[in-house]
Structure formats: structure tokens, C-alpha cells
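Subject: Structure handover

Hello,

Here is the structure for your records. Please open it alongside this message.

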Amino acid sequence: MLRLHFVLISALVASAIALVSSQHRSRAMHTALEREIAHMRVLETEWGQLQIEQGALTAHARIAGLAETKLRMRAPERERLIVIDPAELDR
């Protein structure tokens with residue numbers, strides 16, 4: 001009978017230790033999951049901003065391409081540029 005009590009108590013202690021260990025792993029995994037979800041949200045926000053930026057850059061390149069092809073616009077040569085100093089305008 002004493003041997004049976006010892007086996008049952010050993011099983012009870014092992015079960016309790018397994019339960020505590022399982023709860024600890026569950027909490028650790030939940031914390032890691034929450035951290036990864038927060039990181040995912042940051043990355044989704046960054047992705048959206050990059051898509052907006054790409055759209056803006058694509059629109060600029062498209063307009064520049066249309067100006068060159070359809071309107072035959074081009075940048076002036078360097079010797080035809082005139083640089084105006086704003087300090088001289090105030091005099």
C-alpha cells in the first residue's frame with residue numbers, strides 16, 4: 001500500500017511539474033506571437049508607405065517620359081542656363 005501511495009504521489013508531482021512547464025511555454029509563445037504581430041503591423045505600414053512612394057515616383061517618370069516623347073521637351077544645355085542669386089535681387 002505504501003508503494004502505491006509513493007507511485008501516485010510521484011505521478012501527481014510529475015503531472016504538476018508538466019502542467020507548470022506547459023503553462024510557461026504557452027505564455028512564452030503567446031508573448032512571442034504578440035511581438036511578431038506588432039512587428040508585422042510595422043512592416044505592413046512600411047509596405048504601404050513604400051507603395052505610395054513608388055506610385056509617386058512612377059508618376060513623375062511617366063510625366064517626364066511623356067514630356068520628352070509627345071511634347072519634345074528636353075532640359076536646356078548647360079551653357080544656356082542662367083543662375084540668379086536671390087541676394088542680388090534684394091539690392
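Below is what was found in it, with the cut-offs spelled out.

First, the ground rules. This is a predicted model: local features need pLDDT of at least 70 and side-chain atom pairs count only at pLDDT 80 or more, while totals for chains, interfaces and linings use all residues. Residues are numbered from 1 along each chain as its sequence is written, and side-chain values use heavy atoms, with hydrogens and water left out.

Overall form

The protein has 2 helices and 0 strands. Its radius of gyration is 35 Å, well over the 12 Å that the globule rule gives for 91 residues, so the protein is more spread out than a compact globule. That radius is taken over C-alpha atoms, and the rule is 2.2 Å times the number of residues to the power 0.38. Along the principal axes, the C-alpha atoms fill a box of roughly 110 × 40 × 15 Å.

Helix H1 covers residues 2-69. Helix H2 covers 86-89, and a loop lies between H1 and H2.

Surface and charge

Of the 91 residues, 1% count as buried. The classes are buried under 20% relative accessible area, exposed over 50%, and partly exposed in between (1.4 Å probe, protein chains only). The accessible surface comes to about 9,200 Å², and 64% of that belongs to carbon and sulfur atoms. Areas come from the Shrake-Rupley method with a 1.4 Å probe; for residues, only the protein chains shown count as cover.

There are 12 positive and 11 negative side chains, and the centres of the two sets lie 12 Å apart. Lys and Arg count as positive, Asp and Glu as negative; His and the chain ends are not counted. Each charge is placed at NZ of Lys, CZ of Arg, CG of Asp or CD of Glu.

Helix H1

Met1, Leu4 and Leu8 make a nonpolar surface patch of about 360 Å². Patch residues have over 30% relative accessible area and no salt bridge; like charges are joined within 9 Å, and nonpolar side chains (Val, Leu, Ile, Met, Phe, Trp, Tyr) within 5 Å. Leu4 sits in H1 and is partly exposed at 47%.

Ala16 and Ile63 are 47 residues apart along the chain, with 70 Å between their C-alpha atoms.

Gln23 also belongs to H1 and is partly exposed at 37%. From Gln23 to Leu33 is 10 residues in sequence and 15 Å in space, C-alpha to C-alpha.

Met29 is another H1 residue. Met29 counts as exposed, at 62%. Between the C-alpha atoms of Met29 and Glu88 there are 67 Å, for 59 residues along the chain.

The loop and the salt bridge

Where is Arg72 placed? Arg72 is in the loop between H1 and H2. Its phi is near 55°, a positive value in a residue other than glycine. Arg72 is exposed, with 74% relative accessible area.

How many salt bridges does a search of the whole structure find? It finds 1. A salt bridge needs a side-chain nitrogen of Lys or Arg within 4 Å of a carboxyl oxygen of Asp or Glu. Glu77 forms a salt bridge with Arg74, with the closest N and O atoms 2.8 Å apart. Glu77 is partly exposed at 32%, whereas Arg74 is exposed at 65%.

Best regards

Methods:
Helices (H or I, at least four residues) and strands (E, at least two) are DSSP runs, numbered from the N terminus.
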